[in-house]
Amino acid sequence: MSRNTHPRRRPGRRAAAAGLLLAVGLGMSTQVTAQAAAPATAKASAALRSVSGFNGDLVTQVADFYGAYVDAKDDPAGPDTAQVKALRAHYLTPAFAERLAAWEKKNKVDGVLRARHVPVDWTVSESDNGLEVVVTLTFGGGESPTTTTRLVVKHEPGSGITDIRTTRIAPARASAGVRSVSGRTGDSVTQVADFYGAYVDAKDDPMGPDTALVKALRAHYLTPAFAERLAAWEKKNKVDGVLRARHVPVDWTVSESGNSREIVVTHAFGGGESPTVRTNLVVELEPVFGDVTDIRTTSAR
């Protein structure tokens with residue numbers, strides 16, 4: 001999916017908040033759909049772009065990993081090593097992480113991206129194997145020739161990524177039955193979706209919240225001033241200020257709005273035997289670097 005492009009961010013980002021307290025139940029889904037979906041605050045049209053994910057789904061989780069990983073590697077001041085380390089620790093199995101480090105030492109290249117540079121865009125797609133997804137990375141553009149790297153990422157349920165290998169096989173063509181998530185480096189909708197997707201994964205770890213990843217994500221995407229205000233809001237309201245809830249959502253959608261400095265995030269909580277509750281958040285971005293400067297609730301129903 002195409003998305004609005006903003007200038008690259010500076011190192012260190014944090015966010016603050018104002019808004020409504022929400023406490024809802026948690027459900028679980030095993031499917032993901034990346035599709036155009038109209039935000040609650042904007043009229044649906046071909047010009048409004050969005051990305052959707054489902055908590056616990058393979059395509060969503062790999063897209064969360066690669067999106068946040070690319071953002072961390074693409075920091076103008078140099079790679080955000082804290083976020084890179086936290087992402088690899090969360091999404092890769094220990095055995096594969098060890099093998100990958102050995103491969104990188106030998107080949108002198110990033111083993112997650114299979115490249116020395118970051119891609120300009122990426123797509124994560126289903127494959128015929130339910131334990132594998134196809135990741136397509138596009139490098140170059142502008143005055144540079146465009147090259148494409150295609151990877152197969154194997155993910156064991158309840159464990160993590162156990163292998164990444166290059167392939168020449170193209171993913172299945174996108175259709176109603178084939179799900180995919182796409183992103184563009186430096187783009188506002190992509191970056192907010194990367195943040196929220198990885199944040200939900202970190203909060204929903206079966207062993208308990210991955211505090212190292214939560215901390216790294218907040219440090220990377222939120223401005224320092226907003227992070228300080230957010231911490232104070234959370235201390236007062238006893239609820240996660242990024243999600244505006246005590247639990248993680250079942251699914252989420254990140255969409256453009258009519259304001260280029262604001263992105264709409266819609267969370268669905270509940271499901272199953274619990275009633276579904278939807279929360280609409282507006283994420284405000286710093287105009288030059290695209291860091292998150294505010295998160296506010298617009299409605300809950």
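Contact here means that heavy atoms lie within 4.5 Å, and by that rule valine 135 touches Val62, Tyr66, Thr123, Val124, Thr149, Arg150, Leu151 and Val153, leaving aside residues up to four places away in sequence. This is a predicted model, in which local features need pLDDT of at least 70 and side-chain atom pairs count only at pLDDT 80 or more, while totals for chains, interfaces and linings use all residues. Residues are numbered from 1 along each chain as its sequence is written, and side-chain values use heavy atoms, with hydrogens and water left out.

- In soluble globular proteins, nonpolar side chains tend to be buried together.

- Phe96, Leu100 and Glu104 of helix 3 are buried, where buried means under 20% relative accessible area, exposed over 50%, and partly exposed in between (1.4 Å probe, protein chains only).
- These residues cover an arc of only 75° around the axis, which puts them on the same side of helix 3; the arc is that of the directions from the helix axis to the C-beta atoms.
- On the other side of helix 3, Pro94, Ala95, Glu98, Lys105 and Lys106 are exposed, whereas the buried residues pack against helix 2 (81-91) and strand 6 (160-166).

**Salt bridges**

- Counting as a salt bridge any side-chain nitrogen of Lys or Arg within 4 Å of a carboxyl oxygen of Asp or Glu, the total comes to 15.
- One of them joins the side chains of arginine 88 and glutamate 104 (2.9 Å, N to O), linking distant parts of the chain, since arginine 88 is in helix 2 and glutamate 104 in helix 3, 16 residues apart.
- Both arginine 88 and glutamate 104 are buried.
- Aspartate 294 and arginine 229 also meet through their side chains in a salt bridge (3.5 Å, N to O); aspartate 294 lies in strand 11 (residues 292-300) and arginine 229 in helix 6 (residues 224-237), so the pair ties together parts that are 65 residues apart in sequence.
- Aspartate 294 is buried, with a relative accessible area of 13%, while arginine 229 counts as partly exposed at 43% relative accessibility.

Methods:
Helices (H or I, at least four residues) and strands (E, at least two) are DSSP runs, numbered from the N terminus.
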